[in-house]
Amino acid sequence: MSVLVVVECDGGEVKKSSLEVASYGSQVAQMLGTTATAVAVGEATEANLAKLGEQGISKVLYDAEPRLKDFVNGAYTKLIAAAAEKESAQVIVLANSNIGAAVGSRLSVRLKASLATNVVELPKNDGGSFTVKRGAFSGKAFADVVLSGDRKILAVKKNSIEALHEAGKTATVESFSASLSDADFADAPKQVVMQDQAGGVLLPEADRVVSGGRGMKGPENWHLIEDLAKALGAATACSKPVSDVDWRPHHEHVGQTGITVSPNLYIACGISGAIQHLAGVNSSKVIVVINKDPEAPFFKAADYGIVGDVFEVLPKLTQAVKELN
Amino acid sequence: MKFLVCISNVPDTTTKITFTPDNKEFNKAGVQFVINPWDEYALTRAIELKEAQGSGTVTVLNVGEADTEPNIRKALAIGADDAIRVNAAPKDAYFVAEQIAAIAKEGAYDVILMGKESIDYNGFQVHGMVGEMLGIPTVAPAMKLDMSANTATLEREIEGGKEIVEVNTPFVASCQQPMCEPRIPNMRGIMTARTKPLKVVEPVGEGARTSVAEYALPPKKQGVKLIPAESAGELIKLLRNEAKVI
Ligand SMILES: Cc1cc2nc3c(=O)[nH]c(=O)nc-3n(C[C@H](O)[C@H](O)[C@H](O)COP(=O)(O)OP(=O)(O)OC[C@H]3O[C@@H](n4cnc5c(N)ncnc54)[C@H](O)[C@@H]3O)c2cc1C
């Protein structure tokens with residue numbers, strides 16, 4: 001019996017959301033009186049995997065097969081299932097990411113496990129029932145879900161768990177092979193295209209987000225958003241109409257039908273705060289709204305607000321951040 | 001080519017969410033239900049592909065009780081050929097996936113499409129479960145889908161980019177934008193939808209693996225703290241010293 005954590009790596013590094021997942025998994029292991037092992041997917045270095053000890057992981061299994069560098073559903077599912085069998089994992093924890101959801105759902109059938117996605121808190125394990133809190137209704141509510149199967153798979157929402165950092169602790173890295181065959185790579189990508197990320201910060205992983213709406217008037221004004229984002233080390237985002245008219249690319253659109261984000265800081269500039277937009281951002285820890293209309297609905301969801309013109313306010317904010325640093 | 005499009009019946013996106021007094025169930029009273037917005041991408045794309053091929057069928061499938069039929073009829077009005085309703089309240093993603101897999105197998109569908117997730121339960125699970133139950137590939141979430149004979153080329157969203165994936169039929173894909181522009185029914189569609197076949201079948205399978213013990217609403221916000229526009233820079237100090245987020 002143990003806890004298995006799936007960590008996603010990219011360019012040799014463990015993703016931030018996976019550090020959170022590792023911390024989550026090791027706390028679940030402690031709760032159950034067992035240890036947490038990780039299985040790494042993607043491109044990783046041994047040194048970075050060993051550092052998962054800081055998140056409470058004791059051992060990391062890693063298959064260095066080069067074709068596993070990019071996401072392949074068939075192969076990842078088989079690899080993680082094999083790791084789960086090897087470790088007799090009772091609980092499997094992964095990120096509520098596109099990879100986590102794709103693999104977690106297949107694994108739940110293969111391993112006869114109960115699955116909860118969008119998990120926002122550590123589980124409660126009392127009186128023989130295993131319950132976990134998850135987001136529901138597009139961020140408008142929460143549900144406590146009872147997982148009845150002997151095995152449980154939990155997909156943890158980004159930024160809902162603080163990553164542990166026990167400096168100096170290391171995990172042992174073990175090479176691991178799931179004896180993957182060519183057939184397991186039948187759905188391997190023909191091509192992987194990475195998008196340009198403004199300021200190099202990936203929106204789904206971002207701690208801080210500066211977002212613009214129709215109030216920005218046009219793409220030529222986006223440098224105001226980008227300047228503030230750069231000063232803050234934030235990712236940039238936008239509302240749906242902005243991406244619909246191609247002022248910004250689709251992958252920046254947040255909301256009900258776009259990306260869901262839950263950063264520590266979300267700054268909304270010239271966005272009205274329609275309910276469909278809120279659905280994608282309302283679990284952000286702190287929301288700042290800049291809008292010239294004091295009646296804009298977004299102010300009801302905000303922690304801080306400035307009633308004013310984005311063209312005047314944004315340069316002042318960027319200036320103030322620069323002075324602070 | 002036979003397309004199977006799975007649709008769920010969800011509260012309209014602007015619904016104010018409330019629960020029964022014991023917090024055990026969503027309060028449906030006075031709520032308008034719609035086709036899950038993500039599923040509209042799946043439905044429209046299936047119809048477009050069928051039209052482009054000049055042959056084939058689009059079947060819509062919903063797991064739900066009789067009150068979902070207006071939205072099934074709407075899907076028929078948009079252009080699906082026929083519909084199946086599995087007569088059961090959807091208990092959890094696993095239960096729904098079992099129903100879809102059973103119907104997909106029996107009907108030998110080539111392409112099974114659905115939305116990325118439902119906007120009520122936000123599971124993002126059914127696609128993978130169905131793929132695994134049927135032993136066929138899943139591509140989730142897909143932003144683009146083209147077909148050439150029995151091969152599909154899809155763009156799959158990954159964090160920070162996309163993968164171009166090729167799979168052969170049969171396969172499952174969960175759809176999201178910008179796959180297509182979802183269609184709305186026209187008058188002719190609405191008229192013909194009434195006469196299109198809607199089959200009702202009973203559920204199969206082992207049942208659910210999860211249940212909801214209780215729902216809760218998020219804690220109320222404290223209320224917004226306003227900073228005058230002239231002294232906008234003050235906000236940055238508050239974010240550092242008070243909110244401690246920068
Ligand atoms: C099914 C469905 C799904 C949807 N999904 C999404 C989604 O995922 N994401 C999303 O964002 N939307 C979504 N929408 C659209 C949503 O309803 C709103 O239309 C959209 O969010 C509005 O975008 P906006 O706030 O940028 O534009 P607007 O509503 O036009 O608001 C612009 C705001 O800018 C302010 N403004 C103007 N000029 C200035 C200035 N100089 N300085 C400061 N403020 C200024 C105005 O006061 C106004 O509040 C969806 C809609 C539907 C029906």
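On a 1 Å grid over the protein atoms alone, a pocket is an open set of points where a 1.4 Å probe fits, with protein on both sides within 12 Å along at least five of seven lines, and its lining residues have an atom within 4 Å of a point. A volume is the space filled by probe spheres set on the points, which are joined across faces, edges and corners. The model is predicted: local features need pLDDT of at least 70 and side-chain atom pairs pLDDT 80 or more, while totals for chains, interfaces and linings use all residues. Side-chain values use heavy atoms, without hydrogens and water, residues are numbered from 1 along each chain, and chains are lettered from A and ligands numbered from 1 in written order.

The largest pocket holds about 1,700 Å³ of space. Its lining has 47 residues, of which Gly139(A), Asn282(A), Pro218(B), Pro219(B) and Lys221(B) are closest to the centre. Two or more lining residues come from each of helix H1 (16-32), strand E7 (129-136), strand E8 (141-147), helix H7 and helix H8 (298-301) of chain A; helices (H or I, at least four residues) and strands (E, at least two) are DSSP runs numbered from the N terminus. The largest pocket lies between domain 1 (2-185) and domain 2 (198-324) of chain A, because both give residues to its lining; the domain bounds come from an automatic or database assignment.

The second largest pocket has a volume of about 1,200 Å³. Among its 45 lining residues, Ala89(B), Pro90(B), Lys91(B), Asp120(B) and Tyr121(B) are the closest to the centre. Strand E12 of chain B gives the largest share of this lining, four residues.

Around the ligand there are 26 residues, and Lys217(A), Ser239(A), Ser272(A), Gln276(A) and His277(A) come nearest; a residue is near if one of its heavy atoms lies within 4 Å. Polar contacts are pairs of N or O atoms within 3.5 Å. A polar side-chain atom of Ser239(A) is 2.6 Å from an oxygen atom of the ligand, and a polar backbone atom of Gln256(A) is 3.0 Å from a ligand oxygen atom. A nitrogen atom of the ligand lies 2.8 Å from a backbone N or O atom of Val254(A). The protein buries 78% of the 990 Å² that the ligand exposes when taken alone, with accessible areas from the Shrake-Rupley method and a 1.4 Å probe. Helix H6 (240-244), helix H7 (275-281) and helix H9 (310-324) of chain A each give two or more residues to the shell around the ligand.

Technical notes:
Polar contact = N/O pair within 3.5 Å; in protein donor to acceptor, adjacent residues only side chain to side chain.
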